[in-house]
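Subject: Structure for your review

Dear colleague,

Please find below the structure I am handing over to you. My findings follow directly after it.

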Number of protein chains: 2
Amino acid sequence: MKLPLGFRYASSYAGIRKIRKDDLALIVSDTPASAAGVFTRNRVAAAPVRLCQNHLQESGGIASAILINAGNANCATRTGAKVALASAKATARLRKVPVSQILVASTGVIGVELDPKLITAALPAVAAGLSPENFEAVSQAIMTTDTRPKTAKAELSASGGVISIAGMTKGAGMIMPMMATTLGFVMTDAAIAPNRLKAMLREANEESYSRLSVDGDTSTNDTLLVLANGASGIKLSNRDSDVFLGMLTKLLQDLAQQIARDGEGATKLITISVEGAKTRDDAARIARGIANSPLVKTAVAGSDPNWGRVICAAGNSGVAFDPSQVDIFMQGIRVCRAGLAAPFSEDALKAKLDEKDVSIEFVIRNGGPGQTRFWTCDFTEDYIKINASYRT
Amino acid sequence: MKLPLGFRYASSYAGIRKIRKDDLALIVSDTPASAAGVFTRNRVAAAPVRLCQNHLQESGGIASAILINAGNANCATRTGAKVALASAKATARLRKVPVSQILVASTGVIGVELDPKLITAALPAVAAGLSPENFEAVSQAIMTTDTRPKTAKAELSASGGVISIAGMTKGAGMIMPMMATTLGFVMTDAAIAPNRLKAMLREANEESYSRLSVDGDTSTNDTLLVLANGASGIKLSNRDSDVFLGMLTKLLQDLAQQIARDGEGATKLITISVEGAKTRDDAARIARGIANSPLVKTAVAGSDPNWGRVICAAGNSGVAFDPSQVDIFMQGIRVCRAGLAAPFSEDALKAKLDEKDVSIEFVIRNGGPGQTRFWTCDFTEDYIKINASYRT
């Protein structure tokens with residue numbers, strides 16, 4: 001599948017990480033692109049997050065480049081805002097665009113000053129290496145302790161031709177280790193007005209990154225950006241817009257699933273489906289309650305069809321439901337019927353739970369129209385090993 | 001320290017647990033006692049929880065006995081309510097009191113039918129063994145995978161004589177393993193009217209059991225009961241009431257701390273203090289956010305002074321605060337000042353974090369009057385080992 005037209009990528013080692021591995025990456029659109037972002041709701045938002053929010057507002061949703069560094073989150077430091085702005089300004093000068101068209105993102109240790117000279121010194125070499133070929137290289141440069149890069153691509157045959165969309169993301173790893181930041185970058189060559197792109201991203205995010213949890217801890221740096229540069233020459237019709245939104249949602253779900261699957265210490269991707277809640281929001285709260293329960297996640301790690309933990313976690317979600325109307329399925333096998341134990345072969349189900357993809361369905365009978373899916377991973381001893389190690 | 005007058009205790013093996021260890025326990029007051037309880041807010045509340053709530057209402061807050069079983073939570077079963085009622089009726093007949101004066105509590109596996117005959121058959125022998133001496137035996141009979149029994153006692157020199165109070169609790173363990181239920185039972189020989197006792201319990205609970213988390217999962221069976229039988233012959237004056245409330249709160253905090261310290265896989269008790277929030281409720285939300293963060297808990301396990309995870313968890317609590325006004329102390333050493341890294345000796349602090357008691361203080365400067373304390377434990381590989389094992 002081809003990458004979206006009009007985007008170029010580059011990365012290099014700027015000396016921010018302790019190990020010699022690319023840690024500075026640049027994504028540029030050859031022409032100013034419509035841009036939209038969703039960001040961490042953590043009260044302690046990092047400087048790059050605030051800069052993105054300000055720039056997207058100032059520019060009216062137009063961006064020309066995204067500068068990303070790994071190895072330092074540029075968060076909770078004295079100079080955070082200055083460093084983010086200096087990096088953006090240097091990028092703007094090189095790209096000859098207004099500084100408000102530059103977005104920045106950081107991931108890595110927090111509370112440690114980031115030397116802006118490392119970035120400004122390395123930036124010219126990075127910019128010189130810009131190429132459509134370096135998409136995969138950038139997806140590797142933004143990794144922290146991710147065990148593999150995470151990318152997804154899609155194409156849409158719209159009226160007028162083919163539109164491409166490509167995304168990359170990172171997360172669920174820690175380099176120092178500190179915060180497991182999620183970053184996501186999506187490029188498309190469709191022509192979409194900024195406001196429309198923003199609305200689409202919000203809706204697609206609601207069913208993808210907002211339905212993802214590895215450990216319930218929201219980072220200070222979470223950032224998901226979409227750029228639409230129109231390089232395909234194709235403007236979306238209304239009908240194509242709906243199809244595009246579906247494609248964007250699917251692509252973001254693909255990336256979110258890759259993060260869950262690569263969650264710290266994870267051996268299994270867990271997909272939680274909730275049906276029959278009053279609203280989609282209620283469904284999401286129930287799903288999140290199940291996904292964040294350490295007891296559910298450890299049970300899945302041990303291939304234990306422990307549906308009691310599932311209904312207990314749902315009961316703690318704050319959503320009102322009648323337990324006697326609940327059916328629970330694991331790997332498609334009914335384990336709880338009308339709130340009570342359903343007969344099933346324990347051995348057969350345990351064997352199925354050893355698979356790398358585990359599904360949990362939580363169905364409220366005679367319930368409302370609210371439904372959703374949510375992705376998480378199992379909880380293993382390796383999660384503890386990764387996170388209990390000394391920071392330095 | 002002497003136990004409260006007018007209470008007797010007994011326990012026996014009724015065949016509910018798989019291993020031969022007392023699993024049925026009875027606490028009686030020789031005269032009807034004022035009684036109050038706080039219960040799980042889990043939507044999937046177990047049958048014994050509902051029975052207690054009903055009986056406390058019917059009796060106007062009077063109870064004569066508490067029947068407790070371990071090995072089966074009597075939750076999410078077809079016959080749960082019937083079994084709880086049959087057990088209460090059998091106890092009422094033996095004790096010759098109205099059934100509404102009987103409270104019941106269960107802990108163990110959920111979703112498995114509990115045979116009421118096991119209880120009614122064993123009950124006469126249990127009742128025959130009632131003695132003031134068996135307080136410790138009952139505190140052992142209610143254990144699941146707790147590694148040690150948890151009791152606390154206190155005395156108050158009131159005007160008129162000495163009042164005694166004694167409590168026992170269990171939790172943070174699983175026998176099958178299923179839900180880590182918290183049960184707590186407190187006896188006092190003070191004379192306190194039911195409504196006053198209820199108000200006192202609610203307030204004391206707010207600063208003790210409501211400030212406790214091992215893993216963020218609220219059980220279906222959590223129950224905390226207080227009986228005040230007046231056997232000391234002493235009615236509390238208004239001033240003594242305040243002192244008694246303080247004593248009750250301290251006793252419940254003691255029990256709650258014992259649960260956290262014995263949390264699954266725990267090696268350390270973590271005490272989180274929050275100051276400078278707008279309200280006590282805000283302080284509690286921040287503290288709970290920190291206490292439930294797997295990243296904070298694994299950092300403490302690894303003796304890592306990783307304050308970035310602390311401020312990040314607080315930022316996710318949903319409470320508004322200015323990060324630039326936050327100081328964080330670990331083991332009394334300032335690690336974050338005004339939201340930024342404070343200078344400290346990493347090696348010295350790591351050594352201090354190896355201790356069994358870890359304190360984290362989160363202070364909002366120039367903030368409001370809201371403050372609280374919260375107890376949790378560190379998160380180790382043993383938590384995973386305990387909970388990922390097969391249920392059967």
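Predicted model: local features only at pLDDT ≥ 70, side-chain atom pairs only at ≥ 80, totals over all residues.

Helix 9 spans residues 307–315 of chain A, and 9 of its 9 residues are buried. Among them are Trp307(A), Arg309(A), Val310(A), Ile311(A) and Cys312(A).

Chain A as a whole contains 11 helices and 14 strands. Of its 392 residues, 62% are buried. Its radius of gyration is 22 Å, which agrees with the value near 21 Å that a compact globule of 392 residues would have. Along the principal axes, the C-alpha atoms of chain A fill a box of roughly 65 × 55 × 35 Å. Among contacts in chain A with a separation of 6 or more, 80% are between residues 24 or more positions apart.

A contrasting position is Asn366(A), which lies in the loop between strand 13 and strand 14 (370–377) of chain A. Asn366(A) counts as exposed because 7 other C-beta atoms lie within 10 Å, and the cut-off for an exposed residue is 12 or fewer. Asn366(A) is 41 residues from Gln325(A) in sequence, while the C-alpha atoms of the two are 7.6 Å apart in space.

In chain B, 6 strands form an open sheet of mixed pairing, in the order 12-11-10-13-9-14. Strand 12 and strand 14 (370–377) of chain B are the edge strands, each pairing on one side only. Strand 10 (residues 326–330) and strand 13 (residues 357–364) of chain B run antiparallel and are joined by 5 bridges. Opposite Met330(B) stands Ile360(B), in strand 13 of chain B. Helix 9 of chain B packs on this sheet, where it touches strand 10, strand 11 (333–337) and strand 13 of chain B. The direction of helix 9 makes about 130° with that of strand 10 of chain B.

Turning to the interface, 50 residues of chain B are in contact with 50 residues of chain A. On the chain B side, helix 8 (294–301), helix 9 (307–315), strand 12 (340–341) and helix 11 (381–388) each supply at least two residues. Helix 9 of chain B gives the most to that side, with 6 residues. The residues of chain B that touch chain A divide into 22 nonpolar, 19 polar and 9 charged.

Yours sincerely

Note on methods
Residues numbered from 1 in each chain as written. Chains lettered and ligands numbered in written order. Buried ≥ 20, exposed ≤ 12 C-beta atoms within 10 Å, placed from the backbone. Helix = DSSP H or I, 4+ residues; strand = E, 2+ residues; numbered from the N terminus. Contact = placed C-beta atoms within 7 Å. Nonpolar A, V, L, I, M, F, W, Y, C, P; charged D, E, K, R; others polar. Rg over C-alpha atoms; globule rule 2.2 N^0.38 Å. Pairing = 2+ DSSP bridges. Axes fitted to C-alpha atoms, helices over the stretch in contact; angles between N-to-C directions.
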